[in-house]
There are 2 protein chains.
Amino acid sequence: MTERLVVVGGDAAGMSAASQARRLRPGLEIIAFERGSHVSYSACGEPYFAGGLVDSIDDLIARTPEQFAAMDIDVRLHHEVVEIDLYRRSLTVRSHEDGSESPIGFDHLMYATGSKPARPDSIEGIRLPGVLGLRTLDDAVALRDTIDSDIKRVAVLGGGYIGLEVAEVLVGKGLLVTMVTSGQHVLERTLDAEMGELANNGVREIGVDLHTGMRVRCIRGTDRATGIGCEEEEFPADLVVIGLGTVPEVELAREAGIPLGGTGAVAVDDRQRTGVEGVWCAGDCAEATHRISGRQVNIALGTVANKAGRVAGTNIGNGDARFPGVLGTAITRVGRTEIGRTGLKVHEARLAGYDPVIGMATGTTTAGYWPEAERMDVMVIANRSDGRLLGAQIVGGRGSAKKIDVLATAMWAGVSASELAWVDLGYAPPFSGVWDLIHIAARRAAR
Amino acid sequence: MTERLVVVGGDAAGMSAASQARRLRPGLEIIAFERGSHVSYSACGEPYFAGGLVDSIDDLIARTPEQFAAMDIDVRLHHEVVEIDLYRRSLTVRSHEDGSESPIGFDHLMYATGSKPARPDSIEGIRLPGVLGLRTLDDAVALRDTIDSDIKRVAVLGGGYIGLEVAEVLVGKGLLVTMVTSGQHVLERTLDAEMGELANNGVREIGVDLHTGMRVRCIRGTDRATGIGCEEEEFPADLVVIGLGTVPEVELAREAGIPLGGTGAVAVDDRQRTGVEGVWCAGDCAEATHRISGRQVNIALGTVANKAGRVAGTNIGNGDARFPGVLGTAITRVGRTEIGRTGLKVHEARLAGYDPVIGMATGTTTAGYWPEAERMDVMVIANRSDGRLLGAQIVGGRGSAKKIDVLATAMWAGVSASELAWVDLGYAPPFSGVWDLIHIAARRAAR
């Protein structure tokens, strides 16, 4: 009898799994349910679509339902899975078109519901109209429509990746942007203070009114958001964008009895198996093993979702794949300032039992004498006793962010800081100094 | 008694050694002889100085003789070492100021004479005035003066790094540039054919009249070069730039009896010791061990010279350093086309006993939908049996070249192609796709 894979959630992890399972098992029946209007889209491109840097929503869609149909993958948009019955191995699916509910059985279940923007109810008014988060393409369309309406002032809550990227496009549209974060600097969850200060500078340089160390208490307004209220200040706003991080979408899993891990996301092994036979999970709603701390983490990034989804699909397809873990590598930019990070922060390294030492190098993105030279700072964190690379952060001008990949690759492979200082990296005046700043920071960390 | 280190040749390798020896051994007497007008300069910046992209020659000088004097390193410009007497442990030094010659003894000798542009005498007229090479800052000044004089047409002989970089700046000055190379494509010594063709396109895109597979037979002209003669064509030229590669400057060493290796450069061990006690060597005139082929190679790049010079200086300073070898990583750009390469070419891999397989990936420098997306191609060469990375090449638009460092780092650390396909690299739409082209090329090579 034909086995059936049912995918819950049609973005990166779910559709990667579906595609890979299809490649390996042509006979498998595959049905994917997505409650929104799109599958397989670039969530990371949404701020840029909202701000008009990317023109068409089609640009963000990797594959349409029609393209999946051609691969014999049955995608059902506007269909929300509302219950999972593990005992009967059956789902209840609600159609958003007619409100009807129907059951569907599965042999394999791929749980890939992703995450949603955190909306802490401790902030009064957080659910008012005019308070927008950014997760799905539908969210991006709503944000774009609001930006393009007659607004002047925007308050961005939070200084994470989404907050930074949205702030940049808002400024580019000529809007007045206030950003408020409770952290001492933007990207506080992923950057150490030295580098976070540099990121703050980048945010301020593009004209954002950045307030750090400030808590938002409420959203002002009755029918619609008209501003935000903080401990000591009030900021008027025609639009409030929340960028307070994400939370994994695990309600369905929890109700069904699929075991969650300590992070609150679904616990999985390195084959992306949950604690329930035949139920798989990957992406923003799943945990992953951090290669440096050895701990389970929940990292809501498309890179992880695509890779882990592919692993799940390989295994569903009777192949054999193991997810090798994450480093938490992430990059972004705000204006001319590029930011890259990987591995553990200093504090996280201590919690993981290491004795971290820091190597800092300040220089330029190119040879110092090159006309386009911009400042660049590299921070390398290594373990005192053996020089093991634990983390790295880069903030600088054009060309800085992707250089974090060198540090991620070295860390991945267990290259020590002292060895990294000698790796044969490329050099030409438009691209770096003859000693790359990575060499210099690694050498200082190794001392 | 105070020991004396004498350095022959005052650029990257020699002055790195001098500086490092000084740091470690404050009591050492250090004298550096340089026959030219400058020490410690960026040879790689010379094309850009010649073309006016870098304004002042001072920009290319990392440290002046005065700065070295402040470090208690005695730099003597316009002094050429004309003989080395290993038995007496003494040099003969000629002053270019007054022509006088004088002897000087040494305890340690750092041989760092570098390389010179190849001027094959098989090309008639190769030594005519108006035929310029580029090695020293004095050469760069001469080239700049000629470019800024009333000339229109330039012939560039050879399609190596220097040739490409000079061609770019010449085009930028509005000159008509013809480039002739005997190779089927530019950078033939370092790129495989598929990638070389892409590099050819980049050269042609900026308006260079590129002729591949064509041999130059002679330089036309009597008092001064007026053109070049090839097998079937003649090209008029007011200036001829030779970029036919470099040859190590080993005459002094050969005459003195310092053993040369199979490449023609000075043989050294991984401490940069030559075959003669107390005589050290690094840089363009020295060999180095290739980490993938295991063979001795002669790579004339500033990256290698700085690192190997530092190793020599550490050991001269009674420290303990070993040079870990090279991958031959090199990057450049011509117009908007960036080029990076590392490791072995396919043919070299076969010669070294591997069974190379190729993974190619064509995509874009950013997310495909990003407004600034430009084409980028990545080639990964791996060993069939175990997936060991053997080489990699990248050609593409802005941001492409330095991505070779990820491949160099993975290769350095022994990461296999199949593992590289999973490394946690950074992603954001302005910088790459969610699967980096490096992942895709590595995965294809691993199959």
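B:Asn318 is exposed, with a relative accessible area of 60%; here exposed stands for over 50% relative accessible area, buried for under 20% and partly exposed for what lies in between, with a 1.4 Å probe and protein chains only. The residue is found in the loop between H8 and S21 of chain B. Helices (H or I, at least four residues) and strands (E, at least two) are DSSP runs, numbered from the N terminus. Phi of B:Asn318 is near 70°, a positive value in a residue other than glycine. Most residues other than glycine have a negative phi.

This is a predicted model, in which local features need pLDDT of at least 70 and side-chain atom pairs count only at pLDDT 80 or more, while totals for chains, interfaces and linings use all residues; side-chain values use heavy atoms, with hydrogens and water left out. Residues are numbered from 1 along each chain as its sequence is written, and chains are lettered from A and ligands numbered from 1 in the order in which they are written.

With a relative accessible area of 25%, A:Arg89 is partly exposed.

## The interface of the two chains

The size of an interface is often given as the accessible area lost when the parts come together. Between chain B and chain A the buried area is about 5400 Å², of which carbon and sulfur atoms give 67%; buried area is the accessible area (1.4 Å probe) that two parts lose on being put together, summed over both. In chain B, the residues that lose the most area to chain A are B:Tyr369, B:Trp422 and B:Asp424, together 15% of what that side buries.

Five salt bridges are found across this interface, a salt bridge being a side-chain nitrogen of Lys or Arg within 4 Å of a carboxyl oxygen of Asp or Glu. A:Arg398 forms a salt bridge with B:Glu372, and their closest N and O atoms are 3.4 Å apart.

## Strand S24 and its partners in chain A

Strand S24 (residues 375-383) of chain A is largely enclosed by the rest of the structure, because eight of its nine residues are buried. Strand S23 (residues 356-364) of chain A runs antiparallel to S24(A) and is joined to it by nine bridges; two strands pair if DSSP finds at least two bridges between them. The bridge partner of A:Ile358 in S24(A) is A:Ile381.

S24(A) also pairs in the antiparallel sense with strand S25 (residues 389-396) of chain A, over seven bridges. In S25(A), A:Leu389 is the bridge partner of A:Ala382. Five residues lie between the strands in this hairpin of S24(A) and S25(A), where A:Gly387 takes a positive phi near 75°.

## A buried threonine

A:Thr332 lies in strand S21 (residues 330-334) of chain A and is buried, at a relative accessible area of 0%. Its side chain is joined to that of A:Glu165 by a polar contact of 2.5 Å. Not counting residues up to four places away in sequence, A:Thr332 touches residues of both chains, including A:Tyr161, A:Leu187, B:Ala428 and B:Phe431.

## Salt bridges within the chains

The structure holds 49 salt bridges over all chains. One of them joins the side chains of A:Lys116 and A:Glu251 (3.1 Å, N to O). The two residues are 135 residues apart, A:Lys116 in strand S8 (residues 115-117) and A:Glu251 in helix H7 (residues 251-256) of chain A.

In chain B, B:Arg322 forms a salt bridge with B:Asp270, with the closest N and O atoms 3.0 Å apart. B:Arg322 lies in the loop between H8 and S21 of chain B and B:Asp270 in the loop between helix H7 (251-256) and strand S18 (279-281) of chain B, so the pair ties together parts that are 52 residues apart in sequence.

Notes: Polar contact = N/O pair within 3.5 Å; in protein donor to acceptor, adjacent residues only side chain to side chain. Contact = heavy atoms within 4.5 Å.
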